[in-house]
Amino acid sequence: MTAERERAVAFAPGRVNLIGEHTDYNDGLSLPFAIADGVTVEAEAIDGDEVVALAHDEGEQDRFDLRAPEHPDDGGWRAFVRGLVAELAAAGLPVRAARLEIRGTVPRGSGLSSSAALSVSVALGLLALSGAEDADRRQLARICSRVENDWVGAQTGLLDQLASLFGKPDRVLRIDFRSLAVEPVPLRLGDWQLVTVDSRESHDLSASGYNRRREECAEACALLGVGTLRDAPADAFAWLPEPLGRRVRHVQGENLRVEATISALQEDDLTEVGRLLDASHASMRDDYAASTDAVEATVARLKAAGAAGARMVGGGFGGHVLALLPPGIASPGDGTVVVPAAGARLLSQP
Ligand code: GLA
């Protein structure tokens, strides 16, 4: 613990997942990186027992008793703030009365993890006021994930929060969700570029097929008699009824593609990385059934423009597409070039 402070500014980034999708809640592997865009929270200690939060992008405000936050009627940004105050306290971390000013640059429902950026920045801002900003980052990721699960209703895993908390410039992060080991892997793009393009189909993970996919993985585990798909036998596909067999085949193949991508990066073989991104997308579309017409049209457009690989990022069912562009292929007009950036941090320490 450090000293309490009266003001703090916390920033947490969104993330892009290079590869390794729907593996996190299956104790598998992913390779995400934090991006430059994110959410900034200006936190100020106030007298009394309330938290007052202003979401500037929405032009909305919330105010609640920090000792007993209630579930809000909608599952929007208020659920994150109230849930965090409740879950930080439940984990024994100190929370003071505060005024929070929240501003973000990650588009909502875009597959770039606006929600993890929101929850991690609010958590860090609140903890900084109590002098507890050096709390264990894996514990923080779990707390933020619990908020998504129990307060927002999306049964998501730890991918987004760990990427936001552990991001490093020029590195992708190999995350093993069984041990929660996070290993930075150099990303040497040279004249290649990674770009994200919005499919213009917003997704809401709590309402999409995401939760159903997670249930299907649990059903497959029950049938296979394993606690997690990480322990599923290599030939599980042959034993399971459809669609469970295909769901498991995606998860198992995706874990292998993460390792293959790391090898390709170590050999500076970006053509092979592109091929693996395409294979990941095909698996998400065909075996995991998580694509949409708008996503497919965006992937097809990027491939036609010369992308070495293109895949949807995040939970799927809409959101952004990530493309790897070889030298000489320009980013499309609606593309954003993304590079690995630093993880969540305090911006100023007045
Ligand atoms: C969303 C979830 C993550 C992860 C991805 C899919 O981003 O929040 O936990 O499951 O989808 O890889």
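Student: Which residue is the bridge partner of Val 52 in S5?
Tutor: That partner is Arg 63. S4 and S5 run antiparallel and share 6 bridges; two strands are called paired if DSSP finds at least two bridges between them. Helices (H or I, at least four residues) and strands (E, at least two) are DSSP runs, numbered from the N terminus.

Student: Before we go on, what are we looking at, and how is it numbered?
Tutor: It's a predicted model, where local features need pLDDT of at least 70, side-chain atom pairs count only at pLDDT 80 or more, and totals for chains, interfaces and linings use all residues. Residues are numbered from 1 along each chain as its sequence is written, and side-chain values use heavy atoms, with hydrogens and water left out.

Student: Okay, what's the strand order in the open sheet of 6 strands?
Tutor: The order is S5-S4-S6-S3-S1-S13, and the pairing is mixed. Strand S5 (60-65) and strand S13 (345-348) are at the edges with a single partner strand each, so one side of each has no neighbour in the sheet. From one strand to the next, the twist averages 25°. Angles here run from 0 to 180 degrees between N-to-C directions, with axes fitted to C-alpha atoms, for helices over the stretch in contact.

Student: Which strands does H1 touch when it packs on the sheet?
Tutor: H1 touches S4, S5 and S6, and its direction makes about 25° with that of S5. Contact means heavy atoms within 4.5 Å. Helix H2 (residues 114-129) lies across S1, S3, S6 and S13, at about 155° to S1.

Student: And S4 with S6, parallel or antiparallel?
Tutor: Parallel: strand S4 (residues 50-55) and S6 pair over 5 bridges, and Val 51 stands opposite Ala 98. Strand S3 (residues 32-45) pairs with strand S6 (residues 98-104) in the antiparallel sense over 7 bridges. There, Val 39 faces Gly 104.

Student: Nice. How many salt bridges does a search of the whole structure find?
Tutor: The search finds 34, where a salt bridge is a side-chain nitrogen of Lys or Arg within 4 Å of a carboxyl oxygen of Asp or Glu. One of the pairs is Arg 146 with Glu 87, whose closest N and O atoms are 3.8 Å apart. Arg 146 is in helix H3 (residues 137-152) and Glu 87 in helix H1 (residues 77-90), so this pair ties together parts 59 residues apart in sequence.

Student: Switching topic: how is the chain divided into domains?
Tutor: Into domain 1 (7-184) and domain 2 (188-337), with bounds from an automatic or database domain assignment. Their centres, taken over C-alpha atoms, are 24 Å apart.

Student: What area is buried between domain 1 and domain 2?
Tutor: About 2,900 Å², with carbon and sulfur atoms giving 60%. Buried area is the accessible area (1.4 Å probe) that two parts lose on being put together, summed over both. In terms of residues, 34 of domain 1 are in contact with 39 of domain 2.

Student: How many salt bridges are there between domain 1 and domain 2?
Tutor: The count is 4. Strand S1 (7-17), strand S2 (29-30) and strand S7 (171-176) each supply at least two residues of the domain 1 side that touches domain 2.

Student: What's the strand order in the sheet of 4 strands?
Tutor: S10-S11-S9-S12, an open sheet with antiparallel pairing. Its edge strands are strand S10 (309-312) and strand S12 (335-337), each pairing on one side only. Strand S9 (residues 193-198) and S12 pair over 3 bridges, and Thr 196 stands opposite Thr 336 in S12. Helix H8 (residues 270-286) packs on this sheet, touching S10 and strand S11 (320-325), with its direction at about 35° to that of S10.
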